Amino acid sequence: MERRWAWHFALVALATMHLSTSHGKNAEFLSDTLINNVVANAATGRLYVGAVNGLYQLSADLQVESRSETGPKRDNRQCTPPVTDACEEAVDTDNHNKLLLVHGARDVLVVCGSVFRGICSLRNLSNVEQRLYFSDTKGEKSYVASAEEGVSVVGVMSYFTKDRDNFTVFLVGKGYGSHDSTKLISTRILQDYGDWVVFDSIIEASAVQANPFVLRYLHDFRFAFKDGGYVYFLFSRTLGVQDNKNFTFVSRMCEDDQGYYSYTELQLNCSVNNKYNKAQAATVATPGEVLAQSLTRSGRYGPVSASDKVLFVTFTSDEDPSTSAMCMYPVRSINQRLVEIIGACYSDNGIVGGKAAVYSPYSSKSEELCSSNNQNNMALRYKCGAEFLPSPLASKAEFALTSEHALARKGHMTAVAVAVEMGHAVAFLGTASGEVLKVHLSEHPEVYGRASGDAAGDKVNKNLLFDSGLQHLYIATEKKITKVPVQACHLKTDCQSCVSMKDPYCGWCVLEGRCTRKPECSRSTEENTWLWSPAQQCVQIQSYDPPNLSRRKTQQVDISIPALPRLRMSDTLHCVFDSFVSGAVMTVDSQPDRCPQFESPEPPLIPVGFEIPISFQGTNLDIYMGRRFAIGTEFMKLTEEEVTQEQGSKFKFTVVLYNCSVGREDCSLCKHAAARYQCVWCSASRSCVYRELCPSPQTTQCPDPEITDIVPRFGPLNGRISVTIKGSNMGIKREDVKKITVAGVDCVHQEERYSVSTSVVCEIGPARRVPPFDLPVELTNSGAVQIEVEGGRSGTSRVMFTYRDPKPERVDPAKGPAAGGTVITIKGEHLDTATKDDIAVTVGGVACEVLSFGERITCKTGKYRGQKVPSDPLTVTVRYGRNTTKDVPAAFQYSDNPKITDYYPKASFACPSVLSSPRKNFVRKHQRLEDENKDQLLVVLYGSKRSNDKTPNLNGKIKR
C-alpha cells in the first residue's frame, strides 16, 4: 500500500536529535628501534612490543606502562653462553626479539631474543621490567630461538602430561641458522621438573628435530595456532632438492603428542597452478554468514558454517615477485584432507584414487613407508598417531588443498586480520608500502577502502591486531604502532555517499540523519531505518500531488516516498521550505482496488522444518515492478523473505515454517536456536516457544545440567580414554563447559566432539590414588560424573563410572597360518573396559582387526611379516586408550600356510547335486591343515559353483 505524507507546503524532513561524535587524533607509539613482534593480552587489553634492544608494555591506548632494555649485549655467534671475557670475539650485539608469548594464567610473558644462541626469559606480565627467570648456564637444551635476524620463529602455548601431572609448555617452530639448535619443532617446559629445566626441550623426535636433512629445506615459519586439540604451524619450504622454489605447508599434531607421532604436513596451494606459493602472514577467524555461504557454494570445501574457523593467508609469488594474493582455507577442510592422507598411509599403502598421496619428509630412507591392513578409520582411531604407525607424513603435491585466491594485486600484502560485522567478513590487509586495505569478503571480494591513519611508506608488521572490543586496529610498522578505528562512518554526511562506500561497518541511520554502525543507530532492527547496501534506496521523494501550486494558495499536498521507516505514535513529522515549517502526518492509501494482493498460493500446505518454495499470483503490483520487496507478517517481522518475480504476474518466495519446540527439548537447545527465530524457553510450560507465545517472564539462565548416561561406564586405571556424557542443559556452545570430573578425576573436554546441550566428550585422566600414596592403586575405583557449565551451574550423574584393571589371560586358538585371517578370542577378566573404539590388538606387533568387544574380545590376525615360520610364540597385546597396554605373553604362533596337493573325484554332474557321503565321495587331501587334526574337507557342489567350509584360493592358502 502506498504511503503518503499529507502536508501544507513544500519539502519533508524528519525532526530528530542529531548526535555528533568527536574524533581526535589516532593514538600512537613510537619506538627508537625496529619493532619485531607485537602481542596482546586479551584479558587486560595491554600490548607487548618486542623491538631491537627493547621490550615495552603498553596500555590499550598505547601509553608506555613499563619498558626494559634488552640489548645490546656482548655476544658472538661463535661463543657458547655464558659469554665471558674468555670469548675474545664478543662485541656489543643487537638483540632482536624473536618470540613473544602471553601466559595469562600465571601472569608471565615469554620473551626470546637473538643473543646468547636464542635463550629466553620470563617477565612479569604486569611489569615487564621485572625479569622472573633467566639462565644462560643450562647449555644447548635451553637454546630456543635463532641467533640470526632473518630466521623466523613462531610459537603457541599448550600443555603436556607426565606422571599424571599437567605442565604448561609452549611449542616452537623455527627455521635453521648456522649456529642454531637443529630442532625444527620443539616443546619447551616453563618449570623445573626432574631432570628438566626451564625452557628444556622435553620431547625427542629426531625426524622433525635433529635430522641433518632438515637443513636443506629452508623453512620459513609464519604462523602458529591451536584449535580443537591440535597445534598447527604454517610455513614455506623447498622440497629439499636442487630446485629452490618454495611451497607452503600447514602441519598439524596433537597438543599432548608425546612423540610427535601425529605430525603431518599438508601442502596449501593458492590459485589452481599455485602461482602464489610462499606464505607471508596469516590469521584464523570465523567467516560470518555471507562468506560461509560463498565458500559453501564454491563446492571446494563442503558445507561451511558462520561459526567455523577459517585460515586466511597472504602469499607472494616466486613466479611474479611483484604481486601477492590472499587465500582462504576452512580448518575443517584442512582436517578432512589430513585424515584422508593419514588414513591412506595407515591402511591403504598411502594410495588415494590409485595415486601415491603420502611421503615421509626430511628422510633419505627409500623403504616402504605406509602399510595395508584392511582396517578402516585408523586415522580417526589413532588421531594422535602411535609409535607403531608411520610418521612424520606429508601430502604429495597432487593432494594439496587448493584455494582460488580471493584477492590478488600488485605489491606485497604483509599482514592480515579478519573481523565479522553484521554477518559480513572484513579483511584488513597490511602492505609493504604501509597501507592497510579494507576488503569485503563476499562472493566477489573487493577493496572498498583503507584504514584511517598515515601511510608512512614503512612495511606493515605481520602482527595486525584488534583491540579487545574489535573497535580499533593496531597497525605496527617499522618503528611505530598506530591505533585506528575499524570504520570512519562519520566522515560521510549524506545517505548516498554512505551506502556507496559498500562498507559493512557503515549504513545510513534514517531517523538520525547520519552514517553509523548499526548498533549505534536507534531502532536499527526496524525496516528501512538503517540502510547499508547500495541496493537499498535512500529515502527520496517519488511524486507530488498536485505537482505544482500557486504561491498565493494554501492547499494540502501529498508526497509519495517509497521505503519509509515505520513510524511510532511518539514520532513527529515536519515539512520545511526555507524558513517555513509545517506539521505533517503520514497516511496510507486504503482503496481496496489499488491494494497489492497475493492470490492462489501453491502449495496450500507446507511441512515444518523444510525449505519450501511458494508461488502465487500478484495483482496491483505494477508500481513495485523493478523494485525489491519482501513478504512476512506483522507477528514475525524478522522472518521476512525476499520475493522474486518469475513470469508475468507470477511471483515466488522460499519459506521455512519453523516450530521452536521441534528438536529443542530442553532450555539449552532452545537458546541455541538461531536468533532470527526468536525462540525462548518458557518456564511456565517448560517448553521452547516463539517469544510472543510465552506469557511468563523469560528465563535468563537454564536449569542445572542433567546427566542421563555415560559411555563407557568402565575405564582403565591409567585413563586416557574418551567418555561420552549424555544428558540435557549441558551448555549452548562448547565454551560453556567449564569443568568435568569422572569419579573425582579431571576429564579434559574434547571440544570438537561437543553436541549442543545433549552430549559432551572428554578424556579421563588416571584413577585418583587414595592416601597413603605409597600403596598400590585400588583395582576398582567408582564415582559419579560431574559437569560444570557457564553460570556456575553443575550436574551429577546417578550412574557410576568405575576405574578397573582389565586382565587378558589367554588366547584361543593358539596358532594360525602366516597368511593371517585367523579369528582369535581373547579371554580374561574385565575385558569390556572402555569401548571398542578405544582398543587396539596386535600379535607380535602385527595389527589384529577387532571384530567384537565385550567380556571376550575377538580379532582377525594380519599377515605375518617375519622370516621364521613357524614363528616363536608371540605376545598378544591389547591397548586400551592411550595409556594402558596389557600383554598375553607367548600366546599365539604363526604356522605354515596350508597347501593342497590333490583332490578327487576329478569330475561331477553338470546338474545340481549334493555329494553327502561323509568324507568318501568327494574330498581334498593336503599336506597339512590345522583344523583339529583333520586332514580332509567335505565339499558340496551346486552345479558349477562350489560351497565348502574352507575354500582354497589360487595360491594354495585357505581362507578361514
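Keep in mind that the model is predicted.

Let's start with helix H1, which spans residues 288-297. Its buried residues are Gly-288, Leu-291, Ala-292, Ser-294 and Leu-295. Looking down the axis of H1, you'd find these buried residues within an arc of 160°, so they line one face of the helix. What lies over the buried residues of H1? The cover includes the strands in this table.

| Strand covering H1 | Residues |
|---|---|
| S22 | 310-316 |
| S23 | 323-330 |
| S30 | 413-421 |
| S31 | 424-431 |

Just past the end of H1, Gly-299 has a positive phi of about 75°.

Next up is an open sheet of 3 strands, ordered S14-S15-S16 with antiparallel pairing. Strand S14 (153-162) and strand S16 (185-189) sit at the edges with a single partner strand each, so one side of each has no neighbour in the sheet. On average, neighbouring strands here are turned by 30° against each other, ignoring direction. Strand S15 (residues 165-174) is joined to S16 by 5 bridges, and the two run antiparallel. Val-172, for example, has Ser-186 in S16 as its bridge partner.

Finally, have a look at Thr-802, found in strand S59 (residues 793-804). Is Thr-802 buried or exposed? Its relative accessibility is 12%, so Thr-802 counts as buried, the cut-off being under 20%. The side chain of Thr-802 also makes a polar contact of 2.7 Å with the side chain of Ser-782.

Note on methods:
Residues numbered from 1 in each chain as written. Predicted model: local features only at pLDDT ≥ 70, side-chain atom pairs only at ≥ 80, totals over all residues. Heavy atoms only, no water. Buried < 20%, exposed > 50% of the residue type's maximum accessible area, 1.4 Å probe, protein only. Helix = DSSP H or I, 4+ residues; strand = E, 2+ residues; numbered from the N terminus. Arc of directions from axis to C-beta. Contact = heavy atoms within 4.5 Å. Polar contact = N/O pair within 3.5 Å; in protein donor to acceptor, adjacent residues only side chain to side chain. Pairing = 2+ DSSP bridges. Axes fitted to C-alpha atoms, helices over the stretch in contact; angles between N-to-C directions.
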